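Thanks for coming. I will walk through one model today, so please have a look at it on the screen first.

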Amino acid sequence: MLTHVDEHGQANMVDVSDKSVTQRQAIAQGSIQMSKVAFDMVVNNQHAKGDVLSVARIAGIQAAKKCGDLIPLCHPLMLTKIQVDFIPEPSENTIKVEALCKLAGKTGVEMEALTAVSVATLTLFDMCKAVDPLMTINNIKVLQKQGGKSGDWTRQD
C-alpha cells in the first residue's frame, strides 16, 4: 500500500500524529567512481579546490537536515545525529559514501540518509568535474534501518 496517496489517488502527507516516538536510525550508502588522477587528488588532499571530502561531508549533513524541504511529502525532522563517512577503494578508484541519520521520533530517517549520500556524492562530482567529467555515481541504497512499527532490517546483498 502506498501511504503517500489518499483514497482518491491524490498526493498525501502521512499523518503521524498517533504514532509512538521511538529511537530510529538509518544507514545509506552510495559510491562515486572516478579516474585514478582525480581519485588520488581527493584521497591525498591535493585538489586545487581544497579539502574535497570535508566539503562533501558538510554538504551531506546539510542535505539530511533539509530533506523535508527537498522531497515534497517528507516530514521535517529534528535529527539528533548525522554522520557522513568516506571509504576510499583504490583498486576501483571509487569512494564509497555512507551516511547515518538518527532521531527519537514518529517517522523514519531513511530518506534523510539517502539524501545525505546523494548530495555528498554530487558534491564530490561537482568539485572534481574539471579533472574528470566522466565520473559515475552508483548504487545509492539503504543498508540498514532500525526502529519504528516495521522494525529493524539490514540489506543482505
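Which residue in β3 does Gly30 stand opposite? Gly30 stands opposite Val97.

Some ground rules. This is a predicted model, in which local features need pLDDT of at least 70 and side-chain atom pairs count only at pLDDT 80 or more, while totals for chains, interfaces and linings use all residues. Residues are numbered from 1 along each chain as its sequence is written, and side-chain values use heavy atoms, with hydrogens and water left out. Helices (DSSP H or I, at least four residues) and strands (E, at least two) are numbered from the N terminus.

Now the sheet. Five strands form an open sheet in the order β2-β3-β1-β4-β5, with antiparallel pairing; two strands pair if DSSP finds at least two bridges between them. The edges are β2 and β5 (153-154), each with a single partner strand, so one side of each has no neighbour in the sheet. Strand β1, residues 22-33, pairs with β3 over twelve bridges, in the antiparallel sense.

Next, helix α2. This helix covers residues 52-65, 14 residues in total, and reaches 20 Å from first C-alpha to last, close to the 20 Å expected; the expected span is 1.5 Å times one less than the number of residues. Its buried residues (under 20% relative accessible area, with a 1.4 Å probe and protein chains only; exposed is over 50%, partly exposed in between) are Val52, Leu53, Ala56, Ala59, Gly60, Ala63 and Ala64. They cover an arc of only 135° around the axis, taken from the directions from the axis to the C-beta atoms, which puts them on the same side of α2. Among the elements that cover them are α1 (36-43), β3 (94-105) and α4 (110-128), where contact means heavy atoms within 4.5 Å.

What about His47? His47 lies in the loop between α1 and α2 and is buried, at 8% relative accessible area. Its side chain reaches the backbone nitrogen of Lys49 at 3.1 Å. Leaving out residues up to four places away in sequence, His47 touches Met41, Val52, Met127, Cys128 and Val131.

Last, two backbone details. Most residues other than glycine have a negative phi. Asn93, in the loop between β2 and β3, has a positive phi near 50° and is buried at 17% relative accessibility. Asn139 is in strand β4, residues 136-146, and its phi is also positive, about 55°. Asn139 is exposed, with a relative accessible area of 55%.

How values were computed: Polar contact = N/O pair within 3.5 Å; in protein donor to acceptor, adjacent residues only side chain to side chain.
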